[in-house]
Amino acid sequence: MEKNNGRGSFSGKLGYVLATAGSAVGLGNIWRFPYLAAKYGGGAFLLVYIVLALTFGYTMILSETALGRMTGKSPVGAFTTLGKGRAVRAGGWINAIIPMLIVPYYSVIGGWVVRYLWGYLTSGAAAMASDDMFTGFLASPWAVEVCFLVFAAMTMLVIFGGVQNGIEKVSRIMMPLLAVLTLVVVGFSVTRPGALAGVKYFLVPDFKRLSLMTVVSALGQMFYSLSIAMGILITFGSYTKPDVDIEQTTGQVEIFDTAIAILAGLMVIPAVFAFSGGDTAALNKGPALMFVTLPKVFESMGGAWIGLLFFLLVLMAALTSSVSLAESVCATFEDELHWSRPRAAALVSVILAALGSLSCLGFNTLNHIAPMGMDILSFFDFLTNSVMMPIAAAAICLLILRVVGLKEMEAEISRSSRFKRRKVYRFVLRYLSLALLAVILISSILDAFGMISI
Ligand code: PHE
């Protein structure tokens, strides 16, 4: 990013696409997507996900980027520049606060990646593939905490050092490499005996498996994976020059992000079938799925090197995402509280260490604390993605519909783009967005309290 008048700006289209793709592609694609797809209906989940990404996701990315570009501000500033009153301000703040709650638990999972990377370096593929490797690791408070702190420190080092430029350059090489390596693992995974049933489960929609929870979780995942409703895209939009075709860039990011998620699904789900016959217990493993299944694949691929390379690339992808999360929070503190960057970054570090440690301990020392029956990490994930995210997204939609006006938004987007999907954009915002968001919010809360089972 170049500095201009005190505010960074991307050098051009490529800078924007790289930063946005770097933020989008991360643990959400590789760790979260496969386990949700496995749990909530396989092909049905995938289909719903793709439809939502092309309609709702597209509309939200475009809207947030345009709002940022219009105002030149991070979320709170963008909201208050455009409208007045407490409700508008609150809408900005909820978008700004979500990343602060995500980055700690995100870094805990980043820590798991660090642990596996270390394991492949020091103990070899067989040890990493053993059945109690993962549970044994989670049961040890110190191990989980130390790995979390290593990942968190890497994130904050980038933020303090302001070496975004460096990380952009690294991700330029790492991202394509990750895509290629994923393809290689997919090739191996789908050719294991018994894996084909998994390919079918993941790619062919079986509508008997379609439930309300499929839609709810696909929508939450879509927002998470594309970094929507977290203030990030508004902030990035504010660094974007007026001549960047944001419709085109949105399409590119969306396709790349979805492609990586699908590849990750093809890597993990067929392997679940190959190694455990696809029984429901294995498919419902949840957050542990990738960490339990992939090491088995790597072991049968014959060597620690593949695990090492894989987790290294995942680590990089995770870092570009966590940096974007922390960056967005820092930008809010700097803009709204008029703090210096080191001071803002120091506060982020403290919150990160405190909340992240809580999530770490939730698996061991504090495992008796189970808010709504979830471990602490899953609770933060639920709170941000299923409760706060729909509210934040609704705030954006309401800002556009009630305050800025659809016409104004379309004019801003048309400044730089032909706006081919204008009709979709309008339809989603006018008729679909708020209703869908309300459905997710209500059903996920009722589900969490056990009032309905979806
Ligand atoms: N999109 C990132 C991923 O898929 C995670 C993330 C969520 C990043 C929210 C920024 C904001 O891993």
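Helices here are DSSP runs of H or I with at least four residues, numbered from the N terminus. Keep that in mind as you click through.

This is a predicted model, in which local features need pLDDT of at least 70, side-chain atom pairs count only at pLDDT 80 or more, and totals for chains, interfaces and linings use all residues. Residues are numbered from 1 along each chain as its sequence is written, and side-chain values use heavy atoms, with hydrogens and water left out.

**Stop 1: the ligand**

Select the ligand. Then colour α1 (13–24), α2 (27–39), α11 (212–225) and α16 (304–337). Each of these helices supplies at least two residues of the shell around the ligand. The shell holds 15 residues, where a residue counts as near if one of its heavy atoms lies within 4 Å. The closest are A24, G28, Y106, Y224 and S225.

Now look for polar contacts, meaning pairs of N or O atoms within 3.5 Å; within protein, one must be able to donate a hydrogen and the other to accept it, and residues adjacent in sequence count only if both atoms are side-chain atoms. Show A24: a polar backbone atom of A24 is 2.8 Å from an oxygen atom of the ligand. Show S23: a backbone N or O atom of S23 lies 3.2 Å from a nitrogen atom of the ligand. Show N29: an N or O atom in the side chain of N29 is 3.2 Å from an oxygen atom of the ligand. On its own, the ligand has 320 Å² of accessible area, and the protein covers 100% of that. Such areas come from the Shrake-Rupley method with a 1.4 Å probe, and for residues only the protein chains shown count as cover.

Where does the ligand sit? The ligand is in the second largest cavity. A cavity is a set of points, on a 1 Å grid over the protein atoms alone, where a 1.4 Å probe fits but cannot get out. To sit there, a molecule needs more than half of its atoms within 2 Å of the grid points.

**Stop 2: N95**

Go to helix α5 (residues 86–122) and select N95. N95 has a relative accessible area of 0%, so this residue is buried. The cut-offs: buried is under 20% relative accessible area, exposed is over 50%, and partly exposed is in between, using a 1.4 Å probe and protein chains only.

Draw a line from the side chain of N95 to A392. A polar atom of that side chain lies 3.4 Å from the backbone oxygen of A392. Contact means heavy atoms within 4.5 Å. Leaving out residues up to four places away in sequence, N95 touches P75, F79, A229, M230, G231, A392, A395 and I396.

**Stop 3: helix α4**

Show α4 (residues 75–82), whose buried residues are P75, V76, G77, A78 and F79. Their cover includes α3 (43–71), α5, α12 (232–238), α16 and α18 (376–404).

**Stop 4: A229**

Find A229 in the loop between α11 and α12. Its phi is near 60°, a positive value in a residue other than glycine. A229 is buried, with a relative accessible area of 0%.

**Stop 5: along α16**

Select S328 in helix α16. S328 counts as buried because its relative accessibility is 2%. S328 touches P99, M230, G231, I232 and T235, not counting residues up to four places away in sequence.

Move along to D335, also placed in helix α16. Is D335 buried or partly exposed? D335 is partly exposed, at a relative accessible area of 25%.

**Stop 6: S63**

Return to helix α3 and select S63. At 0% relative accessibility, S63 is buried. Its contacts, not counting residues up to four places away in sequence, are I400, M409, Y425 and L429.

**Stop 7: two loop residues**

Select F419 in the loop between α19 (406–414) and α20 (422–448). F419 is not a glycine, yet its phi is positive, at about 55°. The residue is buried, with a relative accessible area of 3%.

Finish at S140, in the loop between α7 (133–139) and α8 (141–161). S140 is partly exposed, at 27% relative accessibility. Its side chain reaches the backbone nitrogen of A143 at 3.2 Å.

How values were computed: On a 1 Å grid over the protein atoms alone, a cavity is a set of points where a 1.4 Å probe fits but cannot get out, and a pocket is an open set with protein on both sides within 12 Å along at least five of seven lines; lining residues have an atom within 4 Å of a point.
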